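Please look through the notes below with the model open.

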Amino acid sequence: MRVVDKEELRAALSMSAAIDALDDAFGGDGPSLTTPMRTTLATPAGTLLSMPAAGEAGVGVKLVTLSEFNPQRGLPFTQAVYVLFDATTQAPEAVIDGTELTAIRTAAVSGLATRRLANPQASRLVVFGAGVQATAHVEAMHAVRPLTEVVVVGRDRTRADALVAFAKRLGVDARTGVPADVANADLVCTCTTSAVSVFDGDDLADGTHVNAIGAFLADQRELDTQTMRRAKIVVETREVALREAGDVLIAIEEGAIVANQLVDLAEVARGRPVRTAPSDVTVFVSVGSAFEDLVVARAALRAIA
């Protein structure tokens, strides 16, 4: 059984390759494979999630801890381990750094949504947050759109400055900013632990595509009601979104949207049009899926082999 650490995973699997693997998977069988709802356990230090899945790529399970105060300790908010088993024998094949796998797959599925939904020449990105997910999202947006500017909105100035420096190493102009900078953005990624909306939907420019990935509980949101009211909304699956996605559930409760407006990402990957005009606002709401972990874990192991 192989142990794949963060460095080996990153060296083997590029962000573009992860996006392509998810594009192929969502365009094929999609998350209709054996992917039960995640289980959640409240712990004294935060939350433990268990996320199993099975399909042609194999059998796998990710164990994830979410620790609210870890960023203050200089540690990731999300930590995880992934175990991948053979599809036929169910023998364990690999134990993979789940924190890095989560960072790659979360940003890669946003990259897939952006590839399919954003205006082709979208180039100005505003990212909320300055941690692992925000960094991975800058990389994913750079992989699918011709970025010319990145604006980082984060509470921790040191981490925000570090993300600005990362974006500059990608060859993109970058600076720190404020929530109202969404008025000049083509792309917005919200990668925070905030339980309340992080910008005013009235400020959002026409034609913008938004990826919202931070709110993973039904009573949390990063996007306000006005953003959801204005948008054409895509989710990983309606079933999961209607159970876990606070951005969606709160907007439904407030009467801003209805459930049948939601479009599954698999439908989009198979060619269903969502954006019908350059001025459309599109939103992708992601709470994560064990199916995505399995796809990216298998792609990584194939790349290493």
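**Notes on the predicted model**

Glu8 is partly exposed, at 24% relative accessibility.

1. Basis. This is a predicted model, in which local features need pLDDT of at least 70, side-chain atom pairs count only at pLDDT 80 or more, and totals for chains, interfaces and linings use all residues. Residues are numbered from 1 along each chain as its sequence is written, and side-chain values use heavy atoms, with hydrogens and water left out.

2. Glu8 and Arg2. Glu8 makes a salt bridge to Arg2, with 2.6 Å between the closest N and O atoms. The term needs a side-chain nitrogen of Lys or Arg within 4 Å of a carboxyl oxygen of Asp or Glu. Arg2 is partly exposed too, at 39% relative accessibility. The classes are buried (under 20% relative accessible area), exposed (over 50%) and partly exposed (in between), with a 1.4 Å probe and protein chains only.

3. Arg175 and its partners. Arg175 bridges to Glu149 at 3.8 Å, N to O. This pair links distant parts of the chain: Arg175 sits in strand β9 (residues 173–176) and Glu149 in strand β8 (residues 149–153), 26 residues apart. Strands (E, at least two residues) and helices (H or I, at least four) are DSSP runs, numbered from the N terminus. Arg175 also forms a salt bridge with Asp181, where the closest N and O atoms are 3.3 Å apart. How exposed are these residues? Arg175 is partly exposed at 35%. Glu149 is partly exposed at 26%. Asp181 counts as buried at 14%.

4. Salt bridges overall. The whole structure holds 21 salt bridges. One network links Asp20, Asp23, Arg115 and Arg116. Side chains of opposite charge can pair when their charged atoms come close.

5. The 6-stranded sheet. This sheet is open, has mixed pairing and runs in the order β1-β6-β5-β4-β3-β2. β1 (2–4) and β2 (39–43) are the edge strands; each has a single partner strand, so one side of each has no neighbour in the sheet. Neighbouring strands here are turned by 15 degrees against each other on average, direction ignored. Axes are lines fitted to C-alpha atoms, for helices over the stretch in contact, and angles run from 0 to 180 degrees between N-to-C directions.

6. The β2–β3 hairpin. β2 and β3 form a hairpin with 2 residues between them. They pair in the antiparallel sense over 5 bridges. Two strands pair if DSSP finds at least two bridges between them. Thr39 has Ser50 of β3 as its bridge partner. For Thr40, the partner in β3 is Leu49.

7. Strand β11. Which strands pair with β11? Strand β10 (residues 187–190) runs parallel to β11 and is joined to it by 4 bridges. Strand β14 (residues 281–285) also pairs with β11 in the parallel sense, over 4 bridges.

8. The largest pocket. How much space lies in the largest pocket? About 1,300 Å³. Of its 48 lining residues, the closest to the centre are Pro71, Phe77, Cys191, Thr192 and Thr193. The elements giving two or more residues to the lining are β3 (46–55), β4 (58–66), α3 (98–117) and α4 (132–144). α3 supplies the largest share, 5 residues. By type, the lining divides into 21 nonpolar, 20 polar and 7 charged residues.

9. Pocket terms. On a 1 Å grid over the protein atoms alone, a pocket is an open set of points where a 1.4 Å probe fits, with protein on both sides within 12 Å along at least five of seven lines; lining residues have an atom within 4 Å of a point. Points are joined across faces, edges and corners, and the volume is the space filled by probe spheres set on them. Ala, Val, Leu, Ile, Met, Phe, Trp, Tyr, Cys and Pro count as nonpolar, Asp, Glu, Lys and Arg as charged, and the others, Gly among them, as polar.
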